[in-house]
Amino acid sequence: MHYVWILPFQSVLISYLIWRQVGLASLVGVIGLLLKTIPVQTGLSRLSSILRDKVAKRTDHRVGIMNELIQGIKLIKTYAWEIPFQAIVAEARRREVKQIRWASYIRGIYLSTMVFTERSTLFITIAACIYLGYPITADVVFSMAQFFNILQLTAAIFYPLALSLWAEASVSVVRIGDYLQFEEQEEVVPGLKHRDEAKGAEVAVELNQLSATWEETARTLQDVNFSVKPGQLCAIIGPVGSGKSSLLQLLLGEMPIHTGTATLNGTVSYASQEPWLFAGSVRHNILFGQTYDRRRYQEVVRHCALVTDFEQLPHGDQTMVGERGAALSGGQKARISLARCVYREASIYLLDDPLSAVDAHVGRHLFDEVIGPDGCLARTKSTRILVTHQVHYLKAADWIIIIENGKISRQGNYADLSNSNLDFAQLLQKEERSPEKSLDLSQTSLEPDSDDEDIPFIDGYIGPKRSSSESSKQSKLSSTDADEDEGREDKEDQAEGNVSFSVWKRYFFAGSNCCGLLILVTVFISSQVITSGSDYFVNFWTQQEYLRSLDHETLFTTEDCLIIYGLLIFGVICSTTIRGWMFFNLCMRASKQLHNKMFGSILHSAMIFFDANPSGRILNRFSRDMGAIDEMLPKAMMDAIQVGLVMIGILAMVSIVNPFLLVALAIAVVLFSMVLKLYLPASQDLKRLEGICRSPIFSYVSASLAGLSTIRSSRIQNRISSEFDSLQDVHSGVWQVTYTTNTALGLWLDCISTAFVAAVTFSFLALHETFSGNVGLAVSQALILTGMVQYGIRQTTESLQQMTSVERVLHYTDLPPERSPERKAPEKWPTNGVIEFKQMSLIYNQFEGAVLRNLNLTIEAAWKVGIVGRTGAGKSSLISALFRLYEIQGEILIDGIDTGTIALDQLRSFISIIPQDPVLFSATIRYNLDPFHAFSDAQIYRVLEEVELKHVAENLDYMVLEGGTNFSVGQRQLICLARAILRNNKILVLDEATANVDPQTDALIQRTIREKFRHCTVLTVAHRLITVMDSDRIIVMEAGEAREFDVPHLLLQNEQGLLRDMVEATGPRESQTLKKIASDTYQRQNEK
């Protein structure tokens, strides 16, 4: 920025120095140079700023789409939606590249002015000298050339660069400012009175005439009044979207209060509805920044039914869960999330439906051991507020609140509500709790564990290490140090050494073919020949003028020389502008091609790739690396090529006028090579390291935003911020070392360049007779070389460093795709929906054992089959195998055709699924239901009406917010049901689809499925046994094997059977209901 105020002083000084030689002609040159640079560069900078803002917004939009896509990749693959998403990303990328291309053209014009500004200025000054009668001599011309070169550096390069950087910085500052001006969560939320001290308080939680809303347009909660006494268990029930989770968010201070007050007396711990896990070990997820207390940790693990899981996990509680808990089942994630909540000592526990993702057996254990009146929380006299759809637990609650449409429709104890005439009373009367045995998980004792250790929070952050004596103790749950190391998340691959030639080759051939590259090289060489020719012609012209002053005969007149020089300058302007346009056009095509190849490769890669790579690592390629390829790499390469050509031209001219300089030139080249040999490998490795250190920052931010409510409820924002700062410090440290090495490079290059200029100057002393023009040309060009060589080599090394981004992107273009046969499915296949598993096994990781082992099952057409089992038994893995999301051994046949011989997109499009985790994308309702636009508006409206969602969306263009946050989890699940109804396939899969919905919505889903999929084969993975007890068959999974497969009623006759154990665990009344459903269904089947 200093060059903005340096420019006027420098202009006045140079004008004075040239005035002493050519008078008024000096003003012509200086004013002409300033007029050609300042207005033009200011306009270009302003235009660049506008484009920068547009590029940033479109890049944000594209990266946002990519983030949603990566988060929902499993759903996209099971729906075979790769093509429409590829079209969306391609369109977003096209719009982004359109703006980047214009910005690149402006940058090309700016780089071209660096070449012709000084030369065109010298031309008009010489013309002015001729018409004003000043002599054209070597000492005048070359001194003016040097002065103009100095002024050009400031006016044409540093001044516009300052404006450009200021404009870009202003855009960034405005964007940051807009973000900082967003409404923040206040430490003291108006209307919420929270006191950590609970002693002496008559109520733990109290809401008085409270209304609250997420948006100003509609009230989410209205006129809410209730109070919970210390130590009580308060159950909150209600239909989907009624405001149950919003009520807990209000108590956490996340939801703004409109009117009324809320009072909390005591510390709070929170378990979210959708389990939030970060990319650390199981133990780290449970401790979550708390001090490690061995006894309490063991008790919590036992109460939360995690002991058996720790024995099954490859590294015990040191097993890395992966991003978003990818390595765990849904039930395991839910229990770890609950364990984290319970481990934190608090007075009030807010539990948002923690039992929905576990089976009935484990759910009963969790309720009895943790939540219920005999649980560990009750023994500490803690207040428990439980949002649940599991109505059979309600009799144990001290207080029950029923919420409908954001209002409390009724509240009271179990007896009061059972005798009421509300709809829920019918559900309540069906359940009666009596003492049951809980899971016998306490028999397995946990060994004494290690002392407290530094616990990373998110994405593997590790704080300062403790002393060796403290850190040497190791958990027996994880056996050995080697086990713990094996449990760590895979580190990102890092290439070493120089960027290979193949990377450069693939980059340039992505932008053009051999013919196009040959034409571009020809244009570059021709442009430099014209540029160097114009410089040499000035020397020739001064010789002609000198001979003319001695009355010798000359080849050209002064006017002829002026015309020739003018034509050469015009050629310089045209050739440099054309070469800049051609080069940036090639770079834009290469960038677009690389992005599309990378995206296509990732989109069609196997699920194992997404399990092993955090989203931050993938997003880093699409944001930072693609940003470097789009903008930084083309600029650096253009600078390097342009400066390199100028340097070659200068060295050629200097060598022509003084051949002795070839010796000095050779020495300088050797010294330059030695310096670069030391610098380049280190600089490229630092650039790679900088990219790798950036990925954890993306993952950390993404994970933190996903678990914001949990983080805030735990009051560890400062520690999370501190750990983010530590990750940022690591990245900044690498960045600083990179700049330090660049500074060291500049110092050594300046020393070598200065020595070369000295050699050029003193070399003419060895020549007794030489023309003064030759001396002027050589010295002035050598001085230009001095200022240019450092910049040129820096830009060359910058090109090599930025090429590591191409290297990283190319790494993702070579990902092995899913094995998809080319065979098309027969027309109208499948016609019946018969599914056969023959010796089928599924292995997620070749280094670990099979998840499913030797399944042999036959599911007949139109059967309704329930799949049950303990969490982690392999239920969802069976669904993954059906969709061939992972490689399997053995065969899966549908209507007698091996699915391994059918193209994956066709196979998946012929099977409908309502997934375990409902995923919506930030697009319209219509797009979320029908991205192929295969159905009419009337069909979509009819489906929305069938799932009772027509009133939720105003029209089909109603926008879904990112992640579907403007819909409840149950409503998201209903939208997934609507998708399945639209597809109308012969096979439907429900992967724990009703886990997070209330009994009424569950009944709606089941009724809709019975009506709409009456003639279809339906596979239902469920934790609620009542959901599948009327099935034609039930598969009981355990440890990856199908232990039982038969009619539910027949399975219940086996007193030692697994299904019978699960039914008995629900309680006498519930078990009788389940047995009756199974018996009635069996009788109906026999009657048919």
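**View 1. Residues 12–35 are 92% helix and 0% strand.** Helices (H or I, at least four residues) and strands (E, at least two) are DSSP runs, numbered from the N terminus. This is a predicted model: local features need pLDDT of at least 70, side-chain atom pairs count only at pLDDT 80 or more, and totals for chains, interfaces and linings use all residues. Residues are numbered from 1 along each chain as its sequence is written, and side-chain values use heavy atoms, with hydrogens and water left out.

**View 2. Residues 562–584 are 100% helix and 0% strand.** Here the end C-alpha atoms lie 33 Å apart. An unreviewed UniProt entry lists "transmembrane region" for several spans, including 12–35, 108–134, 507–530 and 562–584. UniProt positions follow the numbering used here, feature names are shortened, and annotations may be inferred rather than shown by experiment.

**View 3. Helix α4 (residues 82–132) packs with helix α18 (residues 514–549) at about 25°.** Their axes are 11 Å apart. Axes are lines fitted to C-alpha atoms, for helices over the stretch in contact; angles run from 0 to 180 degrees between N-to-C directions. The angle makes α4 roughly parallel to α18 (under 35 degrees; over 145 is roughly antiparallel, 65 to 115 roughly perpendicular, the rest oblique). The crossing is left-handed (the near helix is turned anticlockwise from the far one by less than a right angle; right-handed if clockwise). From α4, Val115, Arg119, Leu122, Ile126 and Ile130 meet Thr531, Ser534, Asp535, Val538 and Trp541 of α18. Contact means heavy atoms within 4.5 Å. The α4–α18 contact holds six nonpolar, two polar and two charged residues (Ala, Val, Leu, Ile, Met, Phe, Trp, Tyr, Cys and Pro are nonpolar; Asp, Glu, Lys and Arg are charged; the others, Gly among them, are polar).

**View 4. α4 also packs with helix α19 (residues 558–603), at about 165°.** The axes of α4 and α19 are 8 Å apart. The angle makes α4 roughly antiparallel to α19. Their crossing is right-handed. The contact of α4 with α19 has 23 nonpolar, 14 polar and nine charged residues.

**View 5. Four strands form an open, mixed sheet in the order β1-β5-β2-β3.** Strands pair if DSSP finds at least two bridges between them. β1 (192–195) and β3 (221–228) are edge strands with a single partner each, so one side of each lacks a neighbour in the sheet. Twist averages 10° from one strand to the next. β1 and β5 (residues 257–265) run parallel, joined by four bridges. Arg195 stands opposite Asn265 in β5. Helix α6 (residues 244–251) packs on the sheet and touches β1, β2 (205–212), β3 and β5. The direction of α6 makes about 110° with that of β2.
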